[in-house]
Amino acid sequence: MAKLSKEGGNLSIIYTGKTKNLGVIGYPIHHSLSPVIQNTVLQSMELDYAYIAMPVKENELESAVKGLKALNFSGFNVTIPHKINIIKYLDEIDGAASLIGAVNTVLIKNDRLYGYNTDYEGFLSAFQAKKFSLKNINGLILGAGGAARAVVYGLLKVGVGSLCIAARNVVKAQKLVDDFKKMGNIKACDWADVSVNEILQKADLLVNTTPLGMYPNVDKMPPVDMSILSSKAIVYDVIYTPEKTKFLIEAEKYGHVVLNGEYMLAGQGAAALKKWIGCKDVDIDLMRIALHEALIKKI
Ligand code: NAP
């Protein structure tokens with residue numbers, strides 16, 4: 001990576017033949033902020049890597065993966081709609097990705113493709129940033145899709161006391177419970193059932209993993225009565241557009257500490273970067289600031 005001085009003294013990054021390549025594949029991909037967060041930190045660490053967003057349609061996944069390998073990419077992120085389908089093109093996937101059932105990060109090393117799921121690490125990074133302990137807490141998770149699986153894996157891995165998965169589709173919630181019950185104390189319920197209120201009263205953590213409230217449907221939120229929730233409970237929404245969903249605004253009215261999905265997005269990016277560049281520390285705060293600014297500026 002070379003730095004050239006422009007008129008006015010600003011520095012601009014010049015990529016060279018030695019620059020290593022990283023990126024993200026998905027479709028659509030134009031909205032992705034991963035290039036912003038990754039390139040900000042790569043440049044701050046003066047690492048000679050470039051990270052780009054690459055539109056890959058569903059039926060082009062296999063040829064895209066072969067192409068990235070042939071082009072000597074160091075690794076790449078995987079997003080919608082490929083997080084599950086990518087698995088069949090990988091040489092190995094780690095235990096977390098296998099249990100979660102999705103891969104969001106691929107490392108290419110010695111001509112082999114290794115799959116990981118760093119979404120759960122991203123989710124947990126919010127608690128590390130705020131120094132909140134999750135040991136033995138009771139969690140109530142709303143929704144039973146892909147994000148919920150990463151959230152559940154992360155929470156059980158760090159030793160929460162109990163988890164309840166409340167969803168509109170209780171069959172899907174029960175399937176998630178069956179997949180994770182070996183890891184800890186977890187049960188499913190129908191979020192329309194009155195029994196949810198008892199769990200709400202005892203919850204130390206309430207997490208929305210559904211898209212309810214995500215831009216442009218900002219007037220929506222999952223059907224929970226925040227007035228019942230224990231006053232000390234933390235409320236976390238994995239959505240990051242808008243910055244504060246109706247769910248979080250409602251929680252703040254009752255004095256709850258709230259966390260949004262910016263932590264999860266920046267944190268999964270930091271964990272992916274560590275795997276690609278093989279280092280222990282990445283400036284996760286810088287990633288979150290870059291993400292936050294990009295969201296405000298609507299880059
Ligand atoms: P998903 O696999 O499609 O799962 C969505 C879950 O929400 C399912 O349980 C689904 O229920 C439920 N749901 C969807 N629409 C609903 C509605 N109108 N009413 C009630 N329940 C509804 O999606 P996902 O990948 O988990 O993503 C969910 C959200 O997490 C999205 O907003 C996404 O942007 C966000 N996310 C954020 C990050 C981050 O880094 N911050 C990472 C991943 C995902 P059914 O199964 O019944 O449809």
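User: To start, where is Pro242?
Analyst: Pro242 sits in the loop between E13 and H8. Labels like these number helices (DSSP runs of H or I, at least four residues) and strands (runs of E, at least two) from the N terminus. Before we go on: this is a predicted model, where local features need pLDDT of at least 70, side-chain atom pairs count only at pLDDT 80 or more, and totals for chains, interfaces and linings use all residues. Residues are numbered from 1 along each chain as its sequence is written, and side-chain values use heavy atoms, with hydrogens and water left out.

User: Thanks! Is the peptide bond from Thr241 to Pro242 cis or trans?
Analyst: That bond is cis, with omega near 5 degrees. Another cis peptide bond joins Tyr27 and Pro28, with omega about -5 degrees. Pro28 belongs to the loop between E3 and H1.

User: Back to H8, what does that helix touch?
Analyst: Helix H8 (residues 246-253) packs on a sheet and touches E9, strand E12 (205-208), strand E13 (234-237) and E14; contact here means heavy atoms within 4.5 Å. The direction of H8 makes about 165 degrees with that of E13. Such angles run from 0 to 180 degrees between N-to-C directions, using axes fitted to C-alpha atoms, for helices over the stretch in contact.

User: What is the strand order in that open sheet of six strands with parallel pairing?
Analyst: The order is E11-E10-E9-E12-E13-E14. Two strands count as paired if DSSP finds at least two bridges between them.

User: And which strands stand at its edges?
Analyst: Strand E11 (186-190) and strand E14 (257-259) do; each has a single partner strand, so one side of each is left without a neighbour in the sheet. On average, neighbouring strands here are turned by 20 degrees against each other, direction ignored.

User: How many bridges join E9 to E10?
Analyst: Five bridges link strand E9 (residues 138-142) with strand E10 (residues 162-167), and the two run parallel. As one example, Ile141 has Ile165 in E10 as its bridge partner.

User: What about the sheet with mixed pairing, what's its order?
Analyst: That open sheet has six strands, ordered E4-E3-E5-E7-E8-E6. Its edge strands, E4 (49-55) and E6 (92-93), pair on one side only. Helix H1 (residues 34-44) lies across strand E3 (20-26), E4 and strand E5 (75-78), running at about 175 degrees to E4.

User: Do E7 and E8 run parallel or antiparallel?
Analyst: Antiparallel: five bridges join E7 (residues 105-109) to E8 (residues 112-116). Val106, for instance, has Gly115 in E8 as its bridge partner. The loop between E7 and E8 holds Asp111, whose phi is near 70 degrees, a positive value in a residue other than glycine.

User: New topic, the ligand. How many residues surround it?
Analyst: There are 20, and the closest are Ala144, Ala147, Arg168, Lys172 and Val238.

User: Which polar backbone atoms do its oxygen and nitrogen atoms approach?
Analyst: A ligand oxygen is 2.8 Å from a polar backbone atom of Ala144, and a ligand oxygen is 3.4 Å from one of Gly145. A ligand nitrogen lies 2.8 Å from a polar backbone atom of Val238.

User: Which helices give two or more residues to the shell around the ligand?
Analyst: Those are helix H5 (146-157) and helix H9 (262-277).

Key:
Near = heavy atom within 4 Å. Polar contact = N/O pair within 3.5 Å; in protein donor to acceptor, adjacent residues only side chain to side chain.
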